[in-house]
Amino acid sequence: MEDSTALAPEKENQESREEGRPWDEMTAASTQDPQPGLSEHPESEQGPDTGPQPGTSPPGSPPGSSPPVHDLQGPGASPCAPPRETSPPPLALSGQHLAAQWRSDKTARAIPEAGTPHPDHLQQSSDEGESMPHQTGQSKWYAFQQLQQTDGHLYEPRDANCNNSKQEDLRCDISQEENSDSKRHLGEREPEPEPEPEPEPEPEPEAAPSMLEIAVQNAKAYLLKTSSKSGLNLYDHLSNMLTRILDEHPENAVDIIENISQDVKMSHFSKKLDTLQNENEMLPTYEIAEKQKALFLQGNLEGADQELEDEMAEYSLPNVMESAFYFEQAGVGLGTDEIYRICLALKQLTDTHPIQRCRFWGKILGLEMNYIVAEVEFHEGEDEEEVEEEDVTEERDNGESEGEEDEDELPRSLYKAPQPIPKEESRTGANRYIYFVCNEPGRPWVKLPSVTPAQIVIARKIKKFFTGRLDSPIISYPPFPGNESNYLRAQIARISAGTHVSPLGFYQFGEEEGEEEEEVESGRDNFEENPDFEGIQVVDLVESLSNWVHHVQHILPQGRCNWFNPIQKSEEEEEEDDEEKEEEKGEEPDYIEQEVGPPLLTPISEDLEIQNTPPWTTRLSSNLIPQYAVAVLRSNLWPGAYAFCNGKKFENLYIGWGHKYSPDSYAPPVPPPACQEYPNGPEITEADDPSVEEEQAFRTAQEAAALPAEESEETEEDEDDYD
Amino acid sequence: MDADSLLLSLELASGSGQGLSPDRRASLLTSLLLVKRDYRYSRVLFWGRILGLVADYYIAQGLSEDHLAPRKTLYSLNCMEWSLLPPATEEMMTQTSVVKGRFMGDPSHEYEYTELQKTNDGDKVFEEEIVIRIKEETRLVSIIDQIDKAVAIIPRGALFKSPFGPTHVNRTFEGLTLSEAKKLSSYFHFREPVDLKNKTLLEKADLDPSLDFMDSLEHDIPKGSWSIQMERGNALVVLRSLLWPGLTFYHAPGTKNCGYIYVGTGEKNMDLPFML
């Protein structure tokens, strides 16, 4: 570092010594006669102003100095302006440029400040000097001061105030530079300025010009040092900044100088940003934008292929925006643009699938991505094929597990997995609706598989975050049968069953269908909209929970909505199962009591409390204008589940992590009880070995039958062995 | 989130479903301005909302010039009348740690907690039941303080430490770049550093003293207590705390828009290890 820096200034010194003189003179001269080459700079407008100014003071430069300026500017004038933006301009030119700025700035300032007394400025400057935190700042400041002093040296007779005002400007720059870019610049500068203060303690007037000159050149060389990172140097940067300030004449340049500096730097870099790498970085943004564009264009692209279906589809599309408005009143919901995108995505879904009814179910948050869930009902008979396919796969699974049994004579394991409870048919119970999910509006919708009771039962015992990838495995203690899509489906079923409510009277039991279902004993599970529903007062809805009813079936502990008797079923099947049943009878009661949950359309006021916490909170959306407010219902059992009702309309929405609330922390389920070993009984215990007496008694008995004597010898030998 | 740019911030943070109704929004915009004037804060943050069973607490925080100085916390039930909360103390923390369950929404509500206390009377040991009453306001203070200490975050570079100590807003902060925004190491805890002092010199070697003066998120325990997501293409990065579900931090990379909001029940998620 030392070597390189030591070499560099020397070289620079030589250069700048040659140019230093003309530069100084030139700056002085430039005020006197504004050059045509300068006219493209804004400060030349002030040239005329500054022109008369020197009249107050004797001209600092000899008249003979003007020719070199012409010489220098002649070739340099034309490239002067353009390279300023992109590359460091030639030394002399930029110097001249900067000096010109200083001058104009100074003159601009000098006029209003002429009246202010001298000491003020000095004091101010010393104050600020003290407040300069870094040592490097100090030394740099000295350097600058010297630079200015030498600069001002030439104009000495004019006005001492000017120097001070200039210093302030420049100091601003320094301190600002330190603050914003300390990392970039300080590291390189720190060792650098040390030699610079050297000339400072030499006040001898005759030595001063040369020493000061060296100091100036050192400082300038330092300022001109190109940063290895950005390829810029501070000198040009400052000159560009000042140009810009003078260009734009902002109201309070001191305050926004950081931004100016930044803008200037940004303009340097703006071209570089267009590299391949950066474009790659932005690719996902464009990708999703492209996909979402399809959503917006969808309406136009879709021709009149099947008018009938289109009509149906339009009918099935929910009015998401309207309910989003009400939910917004309630303080729930997504951003306006996101909800509109979701609305478009739902439209896409209804257009591409034979959907009878569609609803925006909600959003489940995940670790990496979220799920947007749509609840749909297909037209009659449309979804049969897919269901069959799923059954096939299940059967295959069963076959595999049976194939593992080995055909040995040894006793086989009598343990049979408990009878799997079959899942409910589509369109009934927990599988009443079909759910589609997508990660982001615009991405493809994925149909979730139908839920099995086993999944619901296990899902109740575990608590897992969703990752956002449907195929990721669920690793949990009671092993979860399936991957995340199954878990998601199970949670959706549980949340729907718990939190989908409607105002009393909106739904009524369907007469015909209800009778059919009565065989199932769990009550009627079909309902239809009440055509005579007249609405409920919003105030009533808020004040009484009994005005809200569940319209989704309760899920029994078994995992189904409708009771399925596992014992009965096993009798019907094969004889083999009968044995199994008898085994079960030993452990379990003969008759498993039917699990019964609250029937459909039960008021939520009968919901169970969670440890002194009421399961629902109702509220009016606005206390200020109660007459137009909507009733808001919030579930405390499933945080994130909301419902609103404005008297006539209602909607349910869930936005959250998909977990149930419990005041206690989650406890993993206890391990299953260890199997008892066989009880000690006649089958297990053996009789003692026959003793000698018994043998003899036996022998005597045998002798009666006249057995040969050899066998008794053998038995004796046996006895020996046993002892 | 900054009270001055509340509307934009709410829009950005709305991905988690935590919004404010229009009347709440309007009243907050009005009243926080007055709070700023009356309490002479240099900056007012809308901190969030704690959902109670009966009513919600709306929480705002006032910052002084030094951003890392202890913050003043105010709460309101109707978003118009704000009351100052006392600073949280260790004693409060231990006292309220026994309270479980949801907030009621009534600051004067008293939780009753019976504690068995052993008293030695000569040789015999008696067990006495002592009923401790804890005001909900106290619990509110300690919960807010815990959340602040645990999960209040700020992107790297948004604040800078001046050599004299105070921490200021970095005017030149122009947002994180896209690649930085995806890393937890570019986010800091918005509090006095705790872990930083315990780091070795080697670990501290690369740190920039004016920027890296707070604890980074990446060393949070347990690992994975943050969910980091890019939303709206890559135009928005959202961090959600899993330890305190309800805290959402949003930042639009390349812009100054960043902030956090807590909307939740004010309960810590103790089940986190099971859920990951």
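## Surroundings of B:S142

In this predicted model, B:S142 touches B:M92, B:M93 and B:T96, leaving aside residues up to four places away in sequence. B:S142 belongs to helix α4 of chain B, which covers residues 136-151. Its relative accessibility is 0%, so B:S142 counts as buried.

## Helix α2 of chain B

Helix α2(B) has 18 residues, which should span 26 Å at 1.5 Å a residue; the end C-alpha atoms are 25 Å apart, in agreement with that expectation. The buried residues of α2(B) are B:R24, B:S27, B:L28, B:S31, B:L32 and B:V35. An α-helix has 3.6 residues a turn, so residues three or four places apart point the same way.

The partners against which the buried residues of α2(B) pack are α1 (6-12), β1 (43-50), β2 (57-63) and β3 (72-76) of chain B. Just after the helix, B:R40 adopts a positive phi of about 60°.

## The interface of chains A and B

The contact involves 56 residues of chain A and 50 residues of chain B. Together the two chains bury about 4,100 Å², with 48% of this area on carbon and sulfur atoms. On the side of chain B, the residues that lose the most area to chain A are B:L53, B:F274 and B:M275, which together account for 15% of what that side buries.

Four salt bridges are found across the interface, and 16 residue pairs are in polar contact there. The elements of chain B that give two or more residues to the side touching chain A are α2 (22-39), α5 (178-181), β11 (226-231) and α7 (272-275). That side of chain B comprises 17 nonpolar, 17 polar and 16 charged residues. A salt bridge also joins B:R25 to A:E328, with the closest N and O atoms 2.8 Å apart.

## Salt bridges

Over all chains, the structure holds 21 salt bridges. One of them pairs A:E375 with A:R359, whose closest N and O atoms are 3.0 Å apart. A:E375 lies in strand β2 (residues 371-378) and A:R359 in strand β1 (residues 355-364) of chain A, so this pair ties together parts 16 residues apart in sequence. Both A:E375 and A:R359 are buried.

In chain B, B:R37 forms a salt bridge with B:D38, the closest N and O atoms being 3.0 Å apart. B:R37 is exposed, at a relative accessible area of 57%, whereas B:D38 is partly exposed at 44% relative accessibility. Another salt bridge links B:K135 and B:E137, with 3.9 Å between the closest N and O atoms. Here B:K135 is partly exposed at 38% relative accessibility, and B:E137 is partly exposed at 21%. Salt bridges with shared partners join A:R619, A:R634, B:R49 and B:D56 into one network.

Conventions
Residues numbered from 1 in each chain as written. Chains lettered and ligands numbered in written order. Predicted model: local features only at pLDDT ≥ 70, side-chain atom pairs only at ≥ 80, totals over all residues. Heavy atoms only, no water. Contact = heavy atoms within 4.5 Å. Buried area = accessible area lost by both parts, 1.4 Å probe. Salt bridge = Lys/Arg side-chain N within 4 Å of Asp/Glu carboxyl O. Polar contact = N/O pair within 3.5 Å; in protein donor to acceptor, adjacent residues only side chain to side chain. Helix = DSSP H or I, 4+ residues; strand = E, 2+ residues; numbered from the N terminus. Nonpolar A, V, L, I, M, F, W, Y, C, P; charged D, E, K, R; others polar. Expected span 1.5 Å × (residues − 1). Buried < 20%, exposed > 50% of the residue type's maximum accessible area, 1.4 Å probe, protein only.
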